[in-house]
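Please keep the sequence and the 3D view open while reading.

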Amino acid sequence: METRVLGRTGNNVGVIGFGAWQIGASWGEVSEADALAALHAAADAGVTFFDTADVYGDGRSERLVGQLLKERPGITVATKMGRRADQTPDNYNPDNFRAWNDRSRQNLGVDTIDLVQLHCPPSRVIATDAVFDDLDAMVAEGRMRAYGVSVETVDEALTAIARPNVATVQIILNAFRHKPLERVLPAAREAGVGIIARVPLASGLLSGRFSADTAFGEDDHRNFNREGQAFDKGETFSGIDYATGLEAVERLRPLVPEGVTMAQFALRWILDQEGVSVVIPGARNADQARGNASAAELAPLDPEVRARVAEVYDELVRPQVHHLW
């Protein structure tokens, strides 16, 4: 698999990573056997970057990734911290940071975590010097090798990129979320900050497998968070209205090359954006993990195809999402 430098971490990672939210919680039930099979299939296919968070299944996802890490010690593991607490800036303090970090290190079974990210904290946290001073101290203490920030908005991303020791920024970027292309990716390239593209398939919409009749379980955020009832609505279907998303998918479908799945097409579109370090699709089983990884083998999309994707975005998606994040 093609590799790229993960920003200021200096690590080379495969361009397709593994997002471990699905094997934690909020995506319907995924058995431990299926979760581990997905992780192993991804690693076998050349995936070397695995992204998790302490809040995914309240540690379940971290523990599963930790099991893989015991068997594949060469992989790069990133986790995130902060969303298990009330989202008030005062909670982002040295004592909590170390308590959260201790728990994640225990879950992962490591002394030092490759990359720890603040998990979509309040904007004020990203603007607070003391927060990053303390993250620097935690690196010096050997708790983690590098740190980054996962963000919801372009403005938050730009604030984080301006921090001298932020190694990576994680942001929603996909065929339904183009706004980061305008300012975030150029700023990250100039600063040497890695971009981790999350929600790459718009919660599965861009897999092309959903219809108006698709039902999602009560424990699936695609059911309970469509209007942001539990967390930022942009994390569910990238914030687009479900019916509009289905219409956009049908407009994109004729652009998908023969023998390529829509999911692979959507992942390749992200990889073609200059400045992206790694994209982190999730997977509920081994077949999905292998399918995702194979997107790295596709040739870059034709410029005309990319222009058509932009047209669909401008006509159907932009009015709903571009001004919000």
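R198 and E235 join their side chains in a salt bridge, at 2.6 Å from N to O, a salt bridge being a side-chain nitrogen of Lys or Arg within 4 Å of a carboxyl oxygen of Asp or Glu. Because R198 lies in strand β9 (residues 194-198) and E235 in the loop between α8 (221-224) and α9 (242-252), the pair ties together parts that are 37 residues apart in sequence. Helices (H or I, at least four residues) and strands (E, at least two) are DSSP runs, numbered from the N terminus.

This is a predicted model, in which local features need pLDDT of at least 70, side-chain atom pairs count only at pLDDT 80 or more, and totals for chains, interfaces and linings use all residues. Residues are numbered from 1 along each chain as its sequence is written, and side-chain values use heavy atoms, with hydrogens and water left out.

The structure holds 22 salt bridges, and one of them joins R98 to D134 at 2.6 Å, N to O. This pair links distant parts of the chain, with R98 in helix α3 (residues 94-108) and D134 in helix α5, 36 residues apart. The residues tabulated here are buried (under 20% relative accessible area, with exposed over 50% and partly exposed in between, for a 1.4 Å probe and protein chains only).

| Residue | Relative accessible area |
|---|---|
| R98 | 17% |
| D134 | 13% |
| R198 | 6% |
| E235 | 7% |

R98 and D134 also belong to a network of salt bridges that includes D102, R105, E141 and R143.
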